Amino acid sequence: MCGITAYVGHQDALTFLLQGLEKLEYRGYDSAGVTILGDQKLSTVKTKGRLQDLITILKAQPLHGHVGIGHTRWATHGVPSNLNSHPHSNADETISIVHNGIIENYRELKDELMAHGYTFQSETDSEVVVQMLDYYYSDDLLAATRQTLARIEGSYALCILSTHEPDKIIVARKDSPLIIGEAQGAYVAASDIPALLEYTKNVYFLEDNELAVLKADSITFYNQQGQAIQKESVEIPYDLEAAQKDGYDTFMLKEIYEQPHAIAETLRGRIHENKVYLDELQNIDFNQYHQVYYVACGTAYHASLCGSQVLQKLTRLPVTAMVASEFRYNDPLIDEKTLAIFVSQSGETADTLAALRLAKSQGATTIAIANVLGSTISRDADYVLYTCAGPEIAVASTKAYTTQLVLLILLACYIADRLGFVLDAKLLEELPHISDHIAHLLEDHERFAKYAKLLEDQRDAYFIGRNLDYASVLEGALKLKEVSYVHADAYVAGELKHGPIALIEEGSVVIAVATQPQIASKTINNIQETIARGARVVLFTTAGQEVKNVANTYYLPEVPAVLQTILVAIPLQLIAYYTACIKGCDVDKPRNLAKSVTVE
Ligand code: G6P
């Protein structure tokens, strides 16, 4: 998974390409490169390492030209290296491409091209695309592109330029994001909207198997059959500022502090006089379903675990939450009476997208919960609800998670209401005030920084909870691992005695969440078992619980139990954040991770 940019216009292309790549670095950052077409030749500069390394080289050796493509890479085929970096060019350097996605049949295509005398510079799957373009090119780049795409299996967002036809860039997509922007005297393209916003708010979404030919003053779209088609541009409702740090040291911290606002936005217009309004779903007859699946990856899966438990509790429908990469290969029981809910911040995660397509093909009704407007998952699902978190840049998800929780709780209430169940009025009364509680929790950041200090010299941490608290600790442990590299495991508190307690020794750090009234005292008892073995415990619970011997106990505000999942996320995020800071980690760009995972 990678980020790509393209520019064709009347200005220096490099300026757009580099600012765009900066915004896309979250998609991968193990190498970067650009190709500029100027003076009838292609000049490519690419290097292993961060984008900054590329910028340093380009400062000493600037490239000029009005047409160009750029790439920031997250390695899938071939180690991060100068040669494996994009753009890739053909041998006589007349055609150059950047690619995001995976060419699944690249070995077979490579063998075929080698039999025709082609030699390969890199170990990447992407290089077959440019060699194949070279093979098919006679005098029409669009025709060669079509012939090449017809041979490719897998996913791609592609930008292609050539000295043979120096006034254009051809872009194409299938199962990887690509957005085109109409700027002043230029057409631009990129993997994600923030890369375009400095230049334009008017964008076109390319659908799977569509192509576009971008020139400085015109754009033509083509469908899979090669017919020219018309497309309407869409105006993006947020600005670039929203995608920048706004005075915070890191995007992660900024995004943690944005949660009261993001949640208020997500709730906007959704609750009125204790009733939930999700008008996007009004045409669904929920009585037809005999089961519900929640499918997602990573943090979105943890939100789904919570959402699924709430729905089952409210409706008594059989509900299953599954990790998307497992769902597809687990022979799921899907039919027309299945409702399947797909949760994804980016709306582009390959496993979630594939699971959605599987569920659809087998007759399920599909609902997407996504954050990115116009993303593939949001467009492919039968129905979509958007979390209104705004752009989330830090790799570790924070505001997307809590807004997902909010929307999933709303969805559970909505379905229950539509099925005729009487809702807990307190829950809907309290939900609109949840942002205020979060704002108060954020004021306590010093206490959470103090808890993070306990982890300063630790290699491991143990998170425990039961029921909904288990989903919360799974997410707390994931946050800590992702940004601070402290190994953290989350356990159902009742399972401690069946194995994990063997690991507890003098000084171990245990983070416990006990907010669910029917089960909190049991978790608090489990804590005593760890204290007896020397553990230092941080406990998040609610007033009224009897707690003994736990020096670091934090009492969360009193809200209905379901909503504690949202509140406790805040201190757990901040503990992870401060631990990462103490350890000097690159919080926004943790090693080996990427924000949007468009490979299986
Ligand atoms: C990546 C990100 C995680 C995210 C997961 C699912 O692994 O690093 O933060 O939770 O993908 O992403 P999605 O965009 O589908 O929510």
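Eight strands make up an open, antiparallel sheet, and their order is 3-2-4-1-10-9-11-15. Strands here, like helices, are DSSP runs numbered from the N terminus, with at least two residues (E) for a strand and at least four (H or I) for a helix. Two strands pair if DSSP finds at least two bridges between them. At the edges of this sheet sit strand 3 (41–48) and strand 15, each pairing on one side only. The model is a predicted one, so local features need pLDDT of at least 70 and side-chain atom pairs count only at pLDDT 80 or more, while totals for chains, interfaces and linings use all residues. Residues are numbered from 1 along each chain as its sequence is written, and side-chain values use heavy atoms, with hydrogens and water left out.

Some of the pairings can be followed residue by residue.

Inside the order, strand 7 (residues 154–162) and strand 8 (residues 168–174) run antiparallel and share four bridges. Ile160 faces Ile170 of strand 8 across this pairing.

Most residues other than glycine have a negative phi, and most peptide bonds are trans. His86 and Pro87, however, are linked by a cis peptide bond, with omega about -5°. Pro87 belongs to the loop between strand 4 (67–73) and strand 5. Glu93 isn't a glycine, yet its phi is positive, about 50°; this residue lies in the loop between strand 5 and strand 6 (95–103).

Now for the ligand. Of the 14 residues around the ligand, the nearest are Ser344, Gln345, Ser346, Thr349 and Ala594 (a residue is near if one of its heavy atoms lies within 4 Å). By class, this shell has seven polar, five nonpolar and two charged residues (nonpolar covers Ala, Val, Leu, Ile, Met, Phe, Trp, Tyr, Cys and Pro, charged covers Asp, Glu, Lys and Arg, and the others, Gly among them, are polar). Helix 8 (residues 298–315) gives the largest share of the shell, three residues.

For Thr349, a side-chain N or O atom is 2.5 Å from a ligand oxygen. With Gln345, a backbone N or O atom lies 2.7 Å from an oxygen of the ligand, and with Thr299 a backbone N or O atom lies 3.0 Å from one. On its own the ligand exposes 390 Å², and the protein buries 89% of that (areas by the Shrake-Rupley method with a 1.4 Å probe).

Key. Polar contact = N/O pair within 3.5 Å; in protein donor to acceptor, adjacent residues only side chain to side chain.
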